[in-house]
Amino acid sequence: MDRTHRRNGPKNGGQDSFKPEMPARSGTEAVGVIDALGEGVEHLEVGQRVATGGTFGVWAEQFVAKAAALIPVPDGIPDDVAAQLVAMPFSAISLLDSLDLAEGDWMIQNAANGAVGRLVAQLAKARGVNVVGLVRRTDGIGELEAQGIGRIVATDTDGWQERVLEITGGAPLNVGVESVGGQASGDVMSQLAENGTLVVFGAMASPTLEIGSGDIIFKQATIRGFWGSKVSAAMPAEDRGRLMRELFARLSDGTITLPVEATFSFDQIADAVKAHFTPGRSGKVMLRP
C-alpha cells in the first residue's frame, strides 16, 4: 500500500500498551490502496482505498494486513483524515457508545483538550448528550471554543466546582471519563452524582489514581476501565459497522474534524518526531512515502 501513513504516538494517554523488541517495524495506523488480495478474500478489491488502525508495521511503502483489519474508505474522505480515522475517532465513539447515555443526559471528562476529549465532545453533542470538559489551564478554554466546543472549565482557577454547577444547572453528572491520573481523577469523581460511574481511559500525567474513599463509599460509585483495542476486538461486527457509519456521517457533515499539523516524508522522520513532541500543536503529524 502507499498513500498517507499516520505517525502514531503512545496509546492509552501516554502509557504504552505494547513495546516491540528492537530493531522493529513501526506504526499501526494508515490509509492505502490495495495492491493484491490473499486467497479467499471476497469483500475487498484491488485498487480499493482502505484504512487500518491495528496493523503493526505500516510506516512503509508497502505492508501486509489482515483483510478483517481493513475498512473501506468512502471517496469523500481525504487521505489525511482517513489515515487517522480508526484509532482515536473509533476509540472515542466506542467509548461514548459504551457509556449508555441518553439524549439530555450529562457527563464530565478531563483532558477535554486532548484528541479523544475533543472527539467525545463533538460526537456527544451530535447525539444530544451534554458534556462538561475539564482542562488544567485557563488558556485551554479558548482553544476549544475556537473549535466550537463549549462548557469547558479550567481547574487551575478557584471555585471551578461552582462553575461546573452553574453549567449543569444542578443536573446529575452520571458518568465521568478520566484520562489524566493523579489528583485530576479525584476532581472528576468529586463531581459525579450518586451511583455515578468513573471510566478510566488513560493516564497522561500519572499511572496512579488519587480518589477519596468517601466519594466512592457515600456515592456508591463504580470505577471501571476502557481499553479501546480490547473493546474493539470483542465488539460484534454489526456494532462496529454501525459506529463506523456514524463516524463517516459526522466527518461528512463537519460535526467532527481531524486536523493535521504537518506532513513529512519517510526521510524526514527525525523532523516528524520533533514536530510530534512540540507543545501546542493543534493537529496530528503525518508520514507519507
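What follows is a conversation about the terms used for this predicted model and the values behind them.

Modeller: This is a predicted model, in which local features need pLDDT of at least 70 and side-chain atom pairs count only at pLDDT 80 or more, while totals for chains, interfaces and linings use all residues. Residues are numbered from 1 along each chain as its sequence is written, and side-chain values use heavy atoms, with hydrogens and water left out.

Colleague: What makes the strands E7, E6, E5, E8, E9 and E10 a sheet, and in which sense do they pair?

Modeller: Strands are DSSP runs of E with at least two residues, helices are runs of H or I with at least four, and both are numbered from the N terminus. Two strands pair if DSSP finds at least two bridges between them. By that rule there is an open sheet of six strands in the order E7-E6-E5-E8-E9-E10, with parallel pairing. Strand E9 (residues 197-200) and E10, for example, are joined by four bridges, and Leu-198 stands opposite Ile-223 in E10. E5 and E6 also run parallel, with four bridges between them, and Gln-109 has Gly-133 in E6 as its bridge partner. In general, strands of a sheet pair through backbone hydrogen bonds, either parallel or antiparallel.

Colleague: Why are E7 and E10 said to stand at the edges?

Modeller: Strand E7 (152-154) and strand E10 (222-225) each have a single partner strand, so one side of each is left without a neighbour in the sheet.

Colleague: Why is E6 called largely enclosed?

Modeller: A residue is buried under 20% relative accessible area, exposed over 50%, and partly exposed in between (1.4 Å probe, protein chains only). Six of the six residues of E6 are buried, so the strand is largely enclosed by the rest of the structure. Asn-130, Val-132 and Leu-134 point one way from E6, whereas Val-131, Gly-133 and Val-135 point the other way. Helix H3 (residues 115-127) lies across strand E5 (106-109) and strand E6 (130-135), running at about 170 degrees to E5; the axes are lines fitted to C-alpha atoms, for helices over the stretch in contact (heavy atoms within 4.5 Å), and angles run from 0 to 180 degrees between N-to-C directions.

Colleague: How do you know that Ile-77 is buried, and which residues does Ile-77 touch?

Modeller: Ile-77, in the loop between strand E4 (71-72) and helix H1 (79-82), has 5% relative accessibility and therefore counts as buried. Not counting residues up to four places away in sequence, Ile-77 touches Arg-49, Ala-82, Phe-248, Leu-251 and Ser-252.

Colleague: What makes Asp-97 and Arg-127 a salt bridge?

Modeller: A salt bridge is a side-chain nitrogen of Lys or Arg within 4 Å of a carboxyl oxygen of Asp or Glu. The closest N and O atoms of Asp-97 and Arg-127 are 3.0 Å apart, which meets that rule. The pair links distant parts of the chain, with Asp-97 in helix H2 (residues 87-98) and Arg-127 in helix H3, 30 residues apart.

Colleague: Why speak of a network of salt bridges around Arg-127?

Modeller: Arg-127 also meets Glu-246 in a salt bridge (2.9 Å, N to O), and this pair again links distant parts of the chain, Glu-246 being in helix H9 (residues 237-252), 119 residues away. Arg-242 forms a salt bridge with Asp-239 at 3.6 Å, both lying in helix H9, three residues apart, about one turn of the helix. Asp-97, Arg-127, Asp-239, Arg-242 and Glu-246 are linked in this network.

Colleague: What makes the phi of Asp-100 worth a remark?

Modeller: Most residues other than glycine have a negative phi. Asp-100, in the loop between H2 and E5, has a positive phi of about 55 degrees although it is not a glycine. With a relative accessible area of 69%, Asp-100 is exposed. Ala-111, in the loop between E5 and H3, has a positive phi near 50 degrees, but is buried, with a relative accessible area of 12%.
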